Amino acid sequence: MTVTRTARLTGAALCAALALVGFVWLLCDLAAFGPTTELLWYWAGDHGFRTHRTAGTTFVDPLLLVAYAVTAFAALRSPLAAPALAVTGLTTLALRLPGLWASGIDALVTTLITLALAAGLVVTAAAGRHDDRDHAGSGGRGRSGGDEARDEPYGPERPRTGPAVAAGILCALAGLVRAAWELRWATLLPAEYTVGRYTGERSLMLPTLAVPPGWLNAVLVLLLLAAAGSAFARARHTRPLGLLAGLLLTGAGAAGTAAALRPERHTYLPAPDLYAVAYDAGCFYALAAGLAVLLLLGPPGRRRRVPYRPAAARPPAPPHRRPPSW
């Protein structure tokens with residue numbers, strides 16, 4: 001399956017609109033925090049040691065900006081346009097859904113706009129596909145019979161076995177580790193606080209566009225396990241799914257690693273227990289595994305050429321000088 005030119009342009013425009021919405025919020029935070037590193041520490045989870053300001057974004061927002069930029073490029077140039085649009089749209093829907101019950105009119109309006117654009121990505125990926133065999137058999141013209149459905153005669157190749165299996169193992173292990181920590185916190189914390197980690201209740205003091213921590217871990221676990229399954233099966237959509245999972249895993253690991261290395265933490269926690277050490281080790285692994293997945297799945301694979309099928313025979317053209325009663 002390939003994607004029509006109209007769908008490619010539509011998907012790129014939707015990605016640009018999603019990036020613009022997030023970029024506006026980032027500009028507001030940069031203007032509020034100034035040219036300092038306080039915003040970076042805020043994204044790392046340091047909400048009290050260095051600053052008393054409240055940001056509207058988290059570390060997820062700049063990562064989504066990168067994902068939208070890469071998806072827009074893939075929509076215009078890559079044979080993986082359809083899975084890239086679908087994966088980015090579905091992930092955005094999952095991450096922004098808790099904003100529907102968030103407090104604040106600004107967050108609600110932003111959530112509604114983002115959900116509408118993300119749903120447009122999914123619809124574009126599903127409705128803009130056409131069979132590349134029809135394209136090859138009709139001499140380069142798609143089902144619409146015009147140049148609008150004209151695409152490159154190349155399709156995505158399955159990933160190589162070695163990088164795919166290695167990326168699948170890293171994603172599966174990272175997903176299982178985060179799922180185990182979620183179970184640990186569910187048994188350790190009170191029930192109302194556990195529910196709040198998924199609903200984002202106001203007592204958590206989250207940023208305006210923040211994804212509740214439990215909800216974020218659940219989405220990331222599902223994304224990592226889905227990426228691992230597609231990598232083990234060497235599916236053709238492994239690259240967009242694995243790259244997005246690796247990007248979010250890298251961001252989560254970097255935020256946890258930065259929080260673990262901050263000097264103030266050792267002042268308040270002079271002797272961390274075994275669970276704190278295990279959590280820090282999990283953050284270090286998430287950062288390393290995310291970077292490794294990006295390196296393994298980042299290089300483009302080979303493209304398969306769609307086999308050429310000659311068009312059906314047509315009647316011969318009339319001669320230059322037509323005989324009588326031609």
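The buried residues of helix H9 pack against helix H3 (60–77), helix H4 (81–96), helix H7 (161–188), helix H8 (191–199) and H10. Here, buried means under 20% relative accessible area with a 1.4 Å probe, counting protein chains only, and helices are DSSP runs of H or I with at least four residues, numbered from the N terminus. This is a predicted model, in which local features need pLDDT of at least 70, side-chain atom pairs count only at pLDDT 80 or more, and totals for chains, interfaces and linings use all residues. Residues are numbered from 1 along each chain as its sequence is written, and side-chain values use heavy atoms, with hydrogens and water left out.

Let's stay with H9 for a moment. Spanning residues 213–232, H9 has 20 residues and reaches 28 Å from its first C-alpha to its last, close to the 28 Å expected at 1.5 Å a residue; the expected span is 1.5 Å times one less than the number of residues. Its buried residues include Leu 216, Leu 220 and Leu 224. Just after H9, Arg 234 takes a positive phi of about 55°.

Now for Phe 59. Setting aside neighbours within four places in sequence, Phe 59 is in contact with Trp 43, Leu 216, Gly 251, Ala 252 and Ala 255, where contact means heavy atoms within 4.5 Å.

Finally, look at Thr 250, which lies in helix H10 (residues 238–261). Thr 250 counts as buried because its relative accessibility is 12%. Its side chain reaches the backbone oxygen of Gly 246 at 2.7 Å and the backbone nitrogen of Leu 291 at 3.3 Å.

How values were computed. Helix = DSSP H or I, 4+ residues; strand = E, 2+ residues; numbered from the N terminus. Buried < 20%, exposed > 50% of the residue type's maximum accessible area, 1.4 Å probe, protein only. Polar contact = N/O pair within 3.5 Å; in protein donor to acceptor, adjacent residues only side chain to side chain.
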